[in-house]
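Reader: I am new to reading protein models. Could you take me through this one, step by step?

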Amino acid sequence: MSIQSEITRLSDARAALDAAIAAKGVQVPGSARLGDLPALIAAIAGQKPEQSKTVSPALAQQMVTPDAGKTLSGVTVEAVTKELLAALDESFKAENIKNGASILGLPGTFSPFGANAGISNYLIEMFDFTDVGTSGGNAIVIRREGLGWIPHAAIHVLVGDSETGSPIAPNNHAVFAGFVDLRHWCPTYTKVLFYNFSLYNNGSDHAWWLPSVDMLNPANSFYTDRWTENNCCMARFQPERYHLISGTRWLRILLRFNEPTVTLTAPTGLTISNGTNSGDSLTGSGFTLAWNRSTITGSDDCVYLIYRDGALISTRVKDAGFTGNQANITWSNITEADSGTYTVRAYNSYAGLSEPSNSVTFTYQA
């Protein structure tokens with residue numbers, strides 16, 4: 001055997017020893033000599049076996065220690081779940097979480113209005129009105145930005161003004177205001193009622209302002225443009241008489257109620273006739289529109305809205321007035337202004353507007 005092969009054999013044996021010792025958890029220094037290996041091998045006997053542990057969260061502080069004769073290689077803490085919280089604290093339950101909120105997947109059912117009030121969301125807060133609202137030609141509007149949902153009712157009550165702290169504001173200034181979304185209570189209604197009340201300082205005079213706004217009419221863009229989840233129109237004040245005053249504090253109560261799930265199909269088979277002729281177009285001095293009624297699920301009524309050249313007209317037809325498969329409406333005493341292309345859409349306040357029917361055309365001829 002050559003000297004070189006013997007050196008190679010000894011070098012390989014040393015590397016194997018180093019690897020075996022390191023595999024047992026004892027680090028072999030790079031400067032270790034053959035004479036150091038016995039001590040390193042002896043250290044192996046003092047090594048403890050490793051173990052891992054899993055613990056559940058608890059209300060009290062926990063100390064995790066290894067079993068006797070072992071060392072910890074890792075600790076796993078289990079996830080916090082709604083079931084775990086319920087086991088740790090009996091107060092963690094749906095009736096103690098606000099309705100509309102959810103904690104760890106547990107939806108809340110609590111409402112300050114009671115379990116049977118049917119309220120799906122609410123907000124009660126105080127706010128200060130700091131804008132200038134005592135003059136000008138435009139109506140003053142209170143909005144609640146960033147709400148994330150649209151209320152069905154709003155109540156605003158004056159708490160006090162900046163000068164006297166009295167809940168009665170100066171003459172002609174509103175002390176009570178808000179709105180009621182009538183669409184929620186009547187499936188065929190399309191209006192929202194805004195209300196303002198002012199009480200004069202002498203306590204003997206008062207006045208109301210009650211505008212009712214058709215929310216489907218594009219002409220009412222002042223309201224519809226503001227009726228969104230993040231910028232909802234909460235109250236409107238007539239500038240000539242019912243003013244807001246800067247520096248007043250208000251209590252606001254907003255309510256949204258549970259709603260059914262309603263679906264609504266489009267009217268079909270729209271025709272136009274005059275008693276003699278019927279089809280998709282007609283010329284004359286009077287006409288009748290007829291169509292197949294919509295199918296409603298989840299509600300018991302809808303209303304049909306008539307459109308001429310794409311614009312909503314005031315004539316509306318309640319579905320409940322018909323017993324057969326068809327609904328209709330007749331026009332008489334008409335003028336040239338009634339000429340145009342007609343369509344029909346069904347409306348239910350929970351389902352909204354259906355798709356439009358097919359179109360028919362009328363041309364006035366005296």
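**Salt bridges, a sheet and the surface**

Author: Let us begin with Asp-319, which is buried, as its relative accessible area is 5%. Buried means under 20% relative accessible area, exposed over 50%, and partly exposed in between, with a 1.4 Å probe and protein chains only. This is a predicted model, in which local features need pLDDT of at least 70 and side-chain atom pairs count only at pLDDT 80 or more, while totals for chains, interfaces and linings use all residues. Residues are numbered from 1 along each chain as its sequence is written, and side-chain values use heavy atoms, with hydrogens and water left out.

Reader: Which residue forms a salt bridge with Asp-319?

Author: The partner is Arg-293, and the closest N and O atoms are 2.8 Å apart. A salt bridge is a side-chain nitrogen of Lys or Arg within 4 Å of a carboxyl oxygen of Asp or Glu. The pair links distant parts of the chain, 26 residues apart: Arg-293 is in the loop between S18 and strand S19 (296-297), and Asp-319 is in the loop between S21 and S22. Strands (E, at least two residues) and helices (H or I, at least four) are DSSP runs, numbered from the N terminus.

Reader: And Arg-293, is it buried or partly exposed?

Author: Arg-293 is partly exposed, because its relative accessible area is 23%.

Reader: How many salt bridges are there by this rule?

Author: The count comes to 10. One of them joins the side chains of Asp-67 and Lys-53, at 3.1 Å from N to O. Asp-67 lies in the loop between strand S1 (50-55) and S2, and Lys-53 lies in strand S1, so this pair ties together parts that are 14 residues apart in sequence.

Reader: What about Asp-214, what does it pair with?

Author: Asp-214 forms a salt bridge with Arg-316, with the closest N and O atoms 2.5 Å apart. Asp-214 counts as buried at 10% relative accessibility, whereas Arg-316 counts as partly exposed at 29%.

Reader: Changing topic: in what order do the strands of the open sheet come?

Author: The order of the 4 strands is S16-S15-S18-S22, with antiparallel pairing. Strand S16 (278-279) and strand S22 (326-331) are the edge strands, as each pairs on one side only. Two strands pair if DSSP finds at least two bridges between them. Between strand S18 (residues 287-292) and S22 there are 6 bridges, and Phe-287 has Trp-331 as its bridge partner in S22.

Reader: Where is Asn-121 found, and what does it touch?

Author: Asn-121 is in strand S5 (residues 119-129) and counts as buried, at 17% relative accessibility. Leaving out residues up to four places away in sequence, Asn-121 touches Lys-98, Asn-99, Trp-149, Leu-254, Leu-255 and Arg-256. Contact means heavy atoms within 4.5 Å.

Reader: Finally, how many helices and strands does the chain have?

Author: The chain has 5 helices and 25 strands. Of its 366 residues, 36% are buried.
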